[in-house]
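Hi,

Here is the structure I promised to pass on. Have a look at it first, and then read on for what I found.

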Amino acid sequence: MTTTPPKLQPALLGGAFIGVLSALPLINIANCCCLWVIGGGVLAAYLMQQNYPYAITAADGALVGLLAGFFGGIIGVFVSIPIDLMMGPVQQRLMERILSNPDVPEETRAMLEGMAVGTLSGVMIAIRLVLGVIIGGIFGMLGGLLGVAIFKKNLPPPPPPGGVEILPPEPPPYGSTPPSGGSYGPPTGGGNP
């Protein structure tokens, strides 16, 4: 038996949750406050607790959340590349329609024109990857800690490796006779004089 719960599979599943939901258009709006990243950390901690017979520690939850955030940042960038390529023409037409409106203020028009120039480049992908891994790691770790607080089992921790496990004595079977000179129940009669 291992003394630490397995972390790779829960971290990969939590990372997939983070990456896919962070890359999907419209759904990724909920990630403005890192909701999907924290949720992926919570999911990773939940999955780790379900696959381990003992209560997981806060350090285990933080580590699996951190790994889920790293994986989520990487997966999110690679899932968003084809989505951005498909949505590029649609976004371009939307910007053109907005800019064709004469009632758009000049400051807003300049901001939208600057956004329309942004194309998918290697530098932009690298920046998104670095930021996704850093931010994903931090908030995934917080999600993992939150998952431990929510889903922790109320069981004792496993015994240390190589240690001796001391169990309490078993109660005698019901109806058995007490040993000579003693009883199993509370003392009867007598008392203090």
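To start with a question: how are H2 and H3 oriented to each other? Keep in mind while you look that this is a predicted model. H2 and H3 pack at an angle of about 130°, and their axes are 8 Å apart. The two helices are therefore oblique to each other. The crossing in which H2 passes H3 is right-handed. On the H2 side the contact is made by Gly 40, Gly 41, Ala 44, Ala 45 and Met 48, and on the H3 side by Asp 60, Gly 61, Val 64, Gly 65 and Ala 68. Sorted by type, the residues of this contact are 5 nonpolar, 4 polar and 1 charged.

Now the overall picture. If you take the contacts with a separation of 6 or more, 76% of them are accounted for by residues 24 or more positions apart.

Next, the helices one at a time.

H1 covers residues 8-23, and at 1.5 Å a residue its 16 residues should span 22 Å; the end C-alpha atoms are 22 Å apart, so the two agree. Its buried residues are Pro 10, Ala 11, Gly 14, Gly 15, Ile 18, Gly 19, Leu 21 and Ala 23. These pack against H2 and against H3, which is residues 58-99.

H2 gives a matching result: 16 residues should span 22 Å at 1.5 Å a residue, and its end C-alpha atoms are 22 Å apart. Buried in H2 are Trp 36, Val 37, Gly 40, Gly 41, Val 42, Ala 44, Ala 45, Met 48 and Gln 49. The cover over these residues includes H1, H3 and H5.

H5 has 30 residues and reaches 40 Å from its first C-alpha to its last, close to the 44 Å expected at 1.5 Å a residue. The buried residues in H5 are Gly 136, Gly 137, Gly 140, Gly 143, Gly 144, Gly 147 and Val 148. H2 and H3 are among what covers them.

That brings me to how H5 packs. Where H2 (residues 35-50) meets H5 (residues 122-151), the axes come within 6 Å and cross at roughly 45°. That makes H2 oblique to H5, and H2 passes H5 in a right-handed crossing. From H2, the residues involved are Val 37, Ile 38, Gly 41, Val 42, Ala 45, Tyr 46 and Gln 49; they meet Ile 135, Gly 136, Phe 139, Gly 140, Gly 143, Gly 144, Leu 146, Gly 147, Val 148 and Phe 151 in H5. This contact divides into 10 nonpolar residues, 7 polar and no charged.

H3 and H5 also pack together: their axes come within 6 Å and cross at roughly 145°. The crossing of H3 and H5 is right-handed. Here the contact residues are 13 nonpolar, 10 polar and 2 charged.

One is Gly 65, which lies in helix H3. Is Gly 65 buried or exposed? With a relative accessibility of 0%, Gly 65 counts as buried. Leaving out residues up to four places away in sequence, Gly 65 touches Gly 41, Gly 140, Met 141 and Gly 144.

Because its relative accessibility is 12%, Asp 60 counts as buried. Which residues is Asp 60 in contact with, leaving aside its neighbours within four places in sequence? They are Pro 5, Lys 7 and Met 48. Met 48 is one of the buried residues of H2, and both Asp 60 and Met 48 belong to the contact of H2 with H3.

Cheers

Key: Residues numbered from 1 in each chain as written. Predicted model: local features only at pLDDT ≥ 70, side-chain atom pairs only at ≥ 80, totals over all residues. Heavy atoms only, no water. Axes fitted to C-alpha atoms, helices over the stretch in contact; angles between N-to-C directions. Helix = DSSP H or I, 4+ residues; strand = E, 2+ residues; numbered from the N terminus. Parallel < 35°, antiparallel > 145°, perpendicular 65-115°, else oblique. Left-handed = near helix turned anticlockwise from the far one by under 90°. Contact = heavy atoms within 4.5 Å. Nonpolar A, V, L, I, M, F, W, Y, C, P; charged D, E, K, R; others polar. Expected span 1.5 Å × (residues − 1). Buried < 20%, exposed > 50% of the residue type's maximum accessible area, 1.4 Å probe, protein only.
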